[in-house]
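I would like to take you through a structure, one site at a time.

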Amino acid sequence: MATIALLGNPNTGKTTLFNELTDKYAYVGNWTGVTVEKKMGQLTDSETMVVDLPGIYSLNPLTKDEAVATDYLLTGHPDLILNVTNAGQLKRNLLLTIELLESGIPVVLALNMLDDLQQSPFLFDLPTLAEWLHCQVKGTNARSKQGIAALHANLLQSLDHSAVSPALTLPYPEPVAHAIDATTQALQATHPELPRDFTRWLIIQYMAQNQTIRDYAQRQQLTALTHQTAAFDQQNFEDHIFQTRLTFIEQTLQAARRPNPAMQPNQL
Ligand code: GDP
Ligand code: MG
Ligand code: K
């Protein structure tokens with residue numbers, strides 16, 4: 001049975017979308033060790049399970065509640081990620097999106113709350129966003145139920161792997177890129193069972209000082225990674241990674257922004 005993980009910043013409409021996309025509850029309770037509600041339901045007209053996860057701004061968790069989402073990516077083996085974003089705060093939302101896209105797990109991006117953009121001077125061209133991010137992008141207004149049917153159809157299609165692209169690879173600067181490649185080789189030699197994209201993602205997260213990932217690497221004895229801790233930290237890889245992501249987001253948004261025809265000066 002396939003599983004879709006619902007991930008996104010807090011208050012982007014994840015639970016509203018969950019309710020629209022599912023028709024049967026499979027489970028409602030709490031995640032182990034935290035008080036966050038765990039909701040699982042069946043995607044309408046499908047055997048697929050949808051899992052609603054706590055809202056997060058990054059995969060590097062600040063709280064135990066937030067760590068639930070990162071832990072789920074490490075151990076839950078979702079087949080697909082539905083990343084729900086607030087279209088009006090895309091710049092901030094895309095920081096998480098990039099972390100998800102790097103995992104190699106297929107991502108469908110929902111640009112939710114499109115209704116909030118009606119008064120904005122700019123809209124987004126969804127095909128351009130899809131091209132830059134290498135993933136499916138669908139616009140929704142979860143509250144008024146617009147775009148749900150198309151999103152549902154796209155999720156089914158993406159689960160069929162017919163519409164899925166490879167993981168996003170950002171142009172990290174030379175020392176980082178070189179270290180990623182070298183560490184990937186070393187880690188693949190000792191842990192050939194890990195998928196290549198997932199290996200690269202673990203390394204980037206480790207470099208970015210994600211403590212949940214660092215604990216995981218310790219537990220799994222990923223020594224190709226753990227032995228590099230001091231080297232990564234001394235070279236400020238975390239800062240390089242963050243800057244590269246910000247630059248990429250700026251470029252993506254610049255390419256995808258379109259004037260909102262409803263807000264053109266001659267119509268005001
Ligand atoms: P979550 O924290 O990501 O699970 O977000 P919720 O589903 O709880 O939604 C947060 C708030 O945003 C609620 O008040 C929703 O009614 C509202 N909301 C959800 N989707 C939309 C949308 O497409 N447009 C607008 N304007 N509001 C929405
Ligand atoms: Mg919620
Ligand atoms: K429902």
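Which residues come nearest to ligand 1? Before I reply, please note that this is a predicted model. Of the 13 residues around ligand 1, those that come nearest are Asn 11, Lys 14, Thr 16, Asp 115 and Ala 142. By class, the shell around ligand 1 has seven polar residues, four charged and two nonpolar. Helix 1, residues 14-21, gives the most to that shell, with three residues.

Asp 115 places a polar side-chain atom 2.8 Å from a nitrogen atom of ligand 1. Arg 143 also has a polar side-chain atom by a nitrogen atom of the ligand, here at 3.2 Å.

I now move to Asn 112, which lies in strand 6, residues 107-112. Is Asn 112 buried or exposed? Asn 112 counts as buried because its relative accessible area is 2%, where the cut-off for buried is under 20%. The side chain of Asn 112 reaches the backbone oxygen of Thr 12 at a distance of 2.7 Å. Beyond residues up to four places away in sequence, Asn 112 touches a set of residues that includes Thr 12, Gly 13, Val 84, Asn 86, Thr 140 and Ala 142. Ala 142, you will recall, is also one of the residues that come nearest to ligand 1.

Next, the potassium ion, ligand 3. Its protein donors are the O atoms of Asn 19 and Thr 22, and they lie 2.3 to 2.6 Å from the ion. As for accessibility, Asn 19 is partly exposed, at 39%, whereas Thr 22 is buried, at 12%.

Strand 2, residues 22-30, contains Val 28. Val 28 is partly exposed, with a relative accessibility of 46%. Leaving aside neighbours within four places in sequence, Val 28 is in contact with Glu 37, Lys 38 and Lys 39. The C-alpha atoms of Val 28 and Met 40 are 6.5 Å apart in space, while the two residues are 12 apart in sequence.

Helix 8 is my next element, and it spans residues 211-219. Which residues of helix 8 are buried? They are Thr 212, Ile 213, Arg 214, Tyr 216 and Ala 217. The cover over these buried residues includes helix 2, helix 7, helix 9 and helix 10. At the start of helix 8, a side-chain oxygen of Asn 210 comes within 3.0 Å of the backbone nitrogen of Thr 212. After helix 8 comes Gln 221, with a positive phi near 55°.

Asp 45 sits in the loop between strand 3 and strand 4, and its phi is positive, near 60°. With a relative accessible area of 70%, Asp 45 is exposed. His 134 is found in the loop between helix 4 and strand 8, with a positive phi near 60°. His 134 is partly exposed, at a relative accessible area of 39%.

Thank you for your attention; I would welcome your comments.

Methods: Residues numbered from 1 in each chain as written. Chains lettered and ligands numbered in written order. Predicted model: local features only at pLDDT ≥ 70, side-chain atom pairs only at ≥ 80, totals over all residues. Heavy atoms only, no water. Donors = N, O, S within 2.8 Å, 3.2 Å for Na, K, Ca; no water. Buried < 20%, exposed > 50% of the residue type's maximum accessible area, 1.4 Å probe, protein only. Near = heavy atom within 4 Å. Polar contact = N/O pair within 3.5 Å; in protein donor to acceptor, adjacent residues only side chain to side chain. Helix = DSSP H or I, 4+ residues; strand = E, 2+ residues; numbered from the N terminus. Nonpolar A, V, L, I, M, F, W, Y, C, P; charged D, E, K, R; others polar. Contact = heavy atoms within 4.5 Å.
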